[in-house]
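Let's walk through this protein together, from its overall build down to a few pairs of charged side chains. Please keep the viewer open as you read.

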Amino acid sequence: MYKCFFKRFFDFWIALIALICISPILLVVTIWLHFANKGAGAFFFQERPGLHGKIFKIIKYKTMTDERDAEGNLLPDAQRLTKVGKFVRSTSIDELPQLINVLKGDMAFIGPRPLLVRYLPYYTEREQLRHSVRPGISGWAQVNGRNNITWDKKLECDAYYAENISLWFDIKIFFLTLYKVVKREGAIADKKENYLDIERKNAINQ
C-alpha cells in the first residue's frame with residue numbers, strides 16, 4: 001500500500017509545500033548562478049531513465065559555464081566549474097530543483113538516483129530492479145558512501161532498496177541524508193567522473 005499509493009501521496013504534498021517555503025532561496029540562487037555562469041543559464045536539464053525505464057528530463061542547478069577553447073570545444077569541467085558552482089555542489093543545493101521532478105511524478109524524495117541513459121545496457125538483471133521504483137533525490141547508496149563507493153556497491157544498494165522499500169526505510173534514509181548534507185560527507189564538488197559504461201567495457205576487454 002505504501003509503495004503503490006502513500007509514497008507518491010506524501011512526495012507530492014511535501015514537494016509542493018517545500019517549493020513554496022524555499023521559493024525565495026531558489027530565486028536568489030537562480031539569479032546568483034545566472035551571473036556566475038556568465039550567461040550560460042542557471043539550470044541544467046538532462047534525460048534520465050525513471051520508473052520502468054521511462055525517460056524524463058531531470059532538473060538541477062547548473063554549476064559550470066559553457067566556456068570553450070579556440071576550436072569551439074568545451075573546456076575541461078575543472079576549468080568551467082565556478083566558485084559559486086563548487087559551493088552549490090558541495091552543499092547539495094544543486095539538487096533542489098528536482099523538487100519540481102518530484103511534484104511532476106518523475107521522481108520521489110527517496111529512491112535510486114537516476115543515472116545516465118547510456119548506462120541502460122550495462123546493468124545486470126538484479127541491478128535493473130532500480131527501475132521498478134521511482135528514482136529519488138537521495139537513496140540508500142547516497143547515505144552509504146555516495147561518491148566514495150564502487151559502482152557494484154552503489155547498484156547493489158539500489159537493488160536492495162527496491163526489494164525492501166517501506167515507510168520506515170524511507171524515514172531512515174531521509175534523516176541519514178540530512179546528517180550527510182550537514183556534515184558534507186561524500187559530496188566531492190570537483191571529483192573526476194567515473195563512468196559505469198566505460199568501467200564495464202574495460203572489464204569485458206580485460
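Contact here means heavy atoms within 4.5 Å. Among contacts between residues at least 6 apart in sequence, 70% join residues at least 24 apart. Do bear in mind that this is a predicted model, in which local features need pLDDT of at least 70, side-chain atom pairs count only at pLDDT 80 or more, and totals for chains, interfaces and linings use all residues. Residues are numbered from 1 along each chain as its sequence is written, and side-chain values use heavy atoms, with hydrogens and water left out.

The protein has 7 helices and 4 strands, where helices (H or I, at least four residues) and strands (E, at least two) are DSSP runs numbered from the N terminus. Read from the N terminus, the order is α-β-β-α-α-α-β-β-α-α-α. The radius of gyration is 17 Å, close to the 17 Å that the globule rule gives for 206 residues, so the protein is as compact as a globular protein of that length. That radius is taken over C-alpha atoms, and the rule is 2.2 Å times the number of residues to the power 0.38. Of the 206 residues, 43% count as buried; buried means under 20% relative accessible area, exposed over 50%, and partly exposed in between (1.4 Å probe, protein chains only).

Now find Ile93, in the loop between helix H3 (83–90) and helix H4 (98–104). Ile93 is partly exposed, with a relative accessible area of 21%. Leaving aside neighbours within four places in sequence, Ile93 touches Val29, Tyr61, Phe87 and Val88.

Next come the charges. Side chains of opposite charge can pair when their charged atoms come close. The whole structure holds 14 salt bridges, each a side-chain nitrogen of Lys or Arg within 4 Å of a carboxyl oxygen of Asp or Glu. One of them joins Asp170 to Lys7, with the closest N and O atoms 2.6 Å apart. This pair links distant parts of the chain, since Asp170 lies in helix H6 (residues 167–183) and Lys7 in helix H1 (residues 2–36), 163 residues apart. Asp170 is buried at 6% relative accessible area, and Lys7 is buried at 7%.

Arg113 and Glu95 also meet in a salt bridge (3.2 Å, N to O). Arg113 sits in the loop between strand E3 (108–110) and strand E4 (136–138), and Glu95 in the loop between H3 and H4.
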